[in-house]
Amino acid sequence: LGNEKYKSKVIWRSLNPRWLEQFDLHLYDDGDQQLEVTVWDKDRSRDDFIGRCVIDLSSLERERTHSFWQELEEGAGSLNLLLTISGTTASETISDLTTHEENPRERAGLLARYAWQRTFHNIKDIGHLTVKVFRATGLAAADIGGKSDPFCVVELGNARLQTQTEYKTLTPSWQKIFTFNIRDINNVLEITVFDEDRDHKVEFLGKVAIPLLRIRTGEKRWYALKDKKLRSRAKGNSPQILLEMNVVWNPIRGVIRTLNPKEVKYMQPEIKFKRQVFVKNVLRLKVIIMHFYEIGKIVQSCFEWESTFQSFIGLLFWLILCYYFQPWMVPAAGLLIFLKQYIVRSLAGPNAVPWDEIADSDLDEDEDDDKDKEEKKSLKERLQAIQEVTQSVQNTIGRLATLGEGVKNTFNFTVPYLSWIAVGLLVGAGLVLYFVPIRYLLMLWGTNKFIRRIFRPHCVPNNEVLDLLSRVPDDEMLLDYRDLKPSINTEPERRRDQRKKQKAS
């Protein structure tokens, strides 16, 4: 683009490469508006040209992430791009908060668009999110002069927008408003603050992750910025960011989307083998296994008649259960667990997730030491096979732990919206199993499996229960989403806002 040029990594021996790389280029109003992308085949002597495409940026809408396939002009194939034009500094842009005025008609139109009466008009349109980014304070100094050049990136799924850069300040005032179409109400809004450098590299200053289901519409508040691990505070003088968010969505469309496969986020960091992650995943899985182990010990003690009364009650319960058992009792038992956890949660309040800011903040240093030691090893090729095995074991254990913790957090009403969906599914399953004989259900299930490809040849096979569990945050995600207490006193600011509203009225 203009004089700026970037080169991706090489994907070896592939006709369907996945680069998953991000490049930030500067676009000027009086500069070149044509983005040129060329594809080459890497050779030892001379690279072979494969194809090119040119994208007219002046025709694309600003402050919106465009996802599209672009055919190569001079060769076979096409490129899948995510392209966003954002971070504009002009005051007359639609994202500028100082000139923005609330339109009651637009608000009424949004409410009507996502009203339950219009649920089936556009099922894929789940909702609408508005994010107001006001300012930040207490940022770390990234430049030699004791200042930073901060800008803020706002991401929701694969959509990515950003503010302009405020130069030479630790208290930037961006005053921007961004809008997103919500494709999954279970997504997480990620807001990251970076420092801009002259060589186009960026330095991390802080981040906050906010699940959409936790957003309180219309609440203007400070959020403490965290480090990259989202466990402790970011560097600086208690850095924080002032935000206001508004969410309008259709719950029925949200339920339908929740029971379908989760959208894949393209720009994900590659998960490599790390000793701390491996040990942590093993400990997470151990906690889940211990629950089943304790249940097994209780059952075994009943078989061994260690307690006569307990064994007698167990035997009586088993005989009655076998005599009166009906399939509908399985989901009914799940409903009883939900009822118990709901009563406990209502009486005791939400459980605090165990969290140690100091202990977790030391992980970065340990991981950096391990990385330095790993780079010094000379037998990389021999160790590569071992590393792949350990990496797969680590990730498998992590997935199992995530699944187990997802089941636990579903029953614990950690995300009430998802738990109530599970309650509704269990009620429906119980009614179906009560009124419909199991043999008919098995016939319908088998028939659906056999003829699904005939009527829907391009359908993606999925399991609704696993799709639901994939939306439930595990204990690691709950730590990521945990709010840190802002240090600034917002009471005077709240009073000023109230006085302004009174004057305006």
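Q: Glu244 to begin with: buried or exposed?
A: Glu244 is buried, at 14% relative accessible area. Buried means under 20%, exposed over 50%, and partly exposed in between (1.4 Å probe, protein chains only).

Q: And how far can I take these values?
A: This is a predicted model, where local features need pLDDT of at least 70 and side-chain atom pairs count only at pLDDT 80 or more, while totals for chains, interfaces and linings use all residues. Residues are numbered from 1 along each chain as its sequence is written, and side-chain values use heavy atoms, with hydrogens and water left out.

Q: Back to Glu244. Which residue does it form a salt bridge with?
A: Lys132, with 3.8 Å between the closest N and O atoms. A salt bridge here is a side-chain nitrogen of Lys or Arg within 4 Å of a carboxyl oxygen of Asp or Glu.

Q: Where do the two partners sit?
A: Glu244 is in strand 12 (residues 236–249) and Lys132 in strand 5 (residues 127–139), so the bridge ties together parts that are 112 residues apart in sequence. Helices (H or I, at least four residues) and strands (E, at least two) are DSSP runs, numbered from the N terminus.

Q: Lys132, buried or exposed?
A: Lys132 is buried, with a relative accessible area of 9%.

Q: How many salt bridges does the whole structure have?
A: A search of the whole structure finds 19. One of them joins the side chains of Arg52 and Glu73, at 3.2 Å from N to O.

Q: What does that pair tie together?
A: Arg52 belongs to strand 2 (residues 48–56), and Glu73 to the loop between strand 3 (65–71) and strand 4 (78–84), so the pair links parts 21 residues apart in sequence.

Q: How exposed is Lys280?
A: Lys280 counts as partly exposed, at 29% relative accessibility.

Q: Which residues are in the network with them?
A: Salt bridges that share partners join Lys280 and Glu476 with Arg231 and Asp480 into one network.

Q: New topic. Where is Lys207?
A: Lys207 is in strand 10 (residues 202–211). Lys207 counts as buried, at 17% relative accessibility.

Q: What does Lys207 touch?
A: Leaving out residues up to four places away in sequence, Lys207 touches Glu190, Ile191, Thr192, Ala224, Leu225, Lys226 and Leu230. Contact means heavy atoms within 4.5 Å.

Q: Now the backbone. What is phi of Leu20?
A: Phi of Leu20 is near 50°, a positive value in a residue other than glycine. Most residues other than glycine have a negative phi.

Q: Where does Leu20 lie?
A: In the segment before strand 1 (34–41). Leu20 counts as partly exposed, at 41% relative accessibility.

Q: And Lys168, what is phi there?
A: Phi of Lys168 is near 55°, again positive in a residue other than glycine. Lys168 is found in the loop between strand 7 (159–162) and strand 8 (173–182).

Q: Buried or exposed?
A: Lys168 counts as exposed, with 56% relative accessibility.
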